[in-house]
Amino acid sequence: MADTKDLSGKLAVVTGASRGIGAATAKALAARGVHVILTARDVKALEEVEDAIHASGGNSTIAPVDLTEVDGVARLATAIRGRWDTLDYLVISGAYLPHLTPVTQIDAKQFGQAMTINVMATQALLANFDALLKRSDDAVVVGLTSSVGAAPRAYWSGYGASKAAFDNLLSSYGQEVEKIGNIRVAIVDPGATRTAMREKAYPGEDPQTVKPPEVVADRIVTLLGENFPSGHRERVNSA
């Protein structure tokens with residue numbers, strides 16, 4: 001599939017935009033002329049991403065939000081609706097990785113946080129931005145998942161269960177809107193990538209042996225320019 005669409009002038013919301021794949025995706029989108037709304041909890045880190053975008057001639061807006069807050073996403077959506085009429089791209093990159101433990105030793109607080117950020121916040125994002133997405137001529141929702149959501153792995157059950165639910169939500173939403181609007185949904189598994197989350201899961205790994213987040217970001221931005229069918233799913237393996 002060829003990258004044929006002009007993305008300039010589009011509006012995107014990127015969650016988890018303060019670091020890792022989210023930050024790299026925000027920068028890559030801005031480089032293509034997209035105005036990017038940067039969301040995450042860490043204001044200082046968001047400001048650093050925004051400074052980098054502006055230094056490169058791009059445009060962005062900081063919108064700090066804590067996805068664990070019940071009405072945080074609703075407030076974010078209200079603020080965006082007050083300034084823009086349409087949302088073209090929603091990239092759901094923000095996620096939480098609980099400690100890797102046996103099922104019998106899952107920490108209830110961490111498991112609850114994983115379900116809140118990875119699942120409940122995703123439903124809130126889809127519910128609150130649905131109307132804005134439907135006003136776009138060609139809206140795309142991209143959700144970053146993990147292989148453990150589809151293929152259970154020992155000690156990864158807390159995170160894997162949340163990502164399985166995440167995948168189900170996104171896929172169901174894609175089917176629900178496929179025939180009534182111009183919204184397409186894609187689920188992207190970034191594969192092994194040099195991020196803080198990866199370092200937490202594999203503390204002894206040499207980070208130089210896995211691809212940088214920019215590789216995943218470039219693939220996401222390229223995907224947005226392609227005419228893929230809704231429900232598309234892929235894994236980013238290239239380094």
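**View 1. Strand β6 and its two rows of side chains.** From β6, residues Ile-183, Val-185, Ile-187 and Asp-189 point one way, while Arg-184, Ala-186 and Val-188 point the other way, and all are buried. In a regular strand the side chains alternate between the two faces of the sheet. β6 is mostly covered, with seven of its seven residues buried. Here buried means under 20% relative accessible area, exposed means over 50%, and partly exposed lies in between (1.4 Å probe, protein chains only). Please keep in mind that this is a predicted model, where local features need pLDDT of at least 70, side-chain atom pairs count only at pLDDT 80 or more, and totals for chains, interfaces and linings use all residues. Residues are numbered from 1 along each chain as its sequence is written, and side-chain values use heavy atoms, with hydrogens and water left out.

**View 2. The partners of β6 in the sheet.** β5 and β6 pair in the parallel sense over six bridges, and Gly-143 has Ile-187 in β6 as its bridge partner. β6 is also joined to β7, by four bridges and again in parallel; there, Asp-189 is partnered by Arg-235 of β7. Two strands pair if DSSP finds at least two bridges between them. Strands (E, at least two residues) and helices (H or I, at least four) are DSSP runs, numbered from the N terminus.

**View 3. The open sheet as a whole.** Seven strands, paired in parallel, follow the order β3-β2-β1-β4-β5-β6-β7. β3 (59-62) and β7 (232-235) stand at the edges with a single partner strand each, so one side of each has no neighbour in the sheet. On average, neighbouring strands are turned by 15° against each other, direction ignored. Axes are lines fitted to C-alpha atoms, for helices over the stretch in contact, and angles run from 0 to 180 degrees between N-to-C directions.

**View 4. Helices α6 and α8 on the sheet.** Helix α6 (residues 157-177) packs on the sheet and touches β4 (89-92), β5 (139-144), β6 (183-189) and β7, its direction making about 155° with that of β6. Helix α8 (residues 213-224) also touches β4, β5, β6 and β7, and its direction makes about 155° with that of β5. Contact means heavy atoms within 4.5 Å.

**View 5. Asp-167 of helix α6.** Asp-167 is found in helix α6 and is buried, with a relative accessible area of 8%. Not counting residues up to four places away in sequence, Asp-167 touches Thr-145, Ile-187 and Arg-233. The side chains of Asp-167 and Arg-233 make a polar contact (3.1 Å). A polar contact is a pair of N or O atoms within 3.5 Å; within protein, one must be able to donate a hydrogen and the other to accept it, and residues adjacent in sequence count only if both atoms are side-chain atoms.
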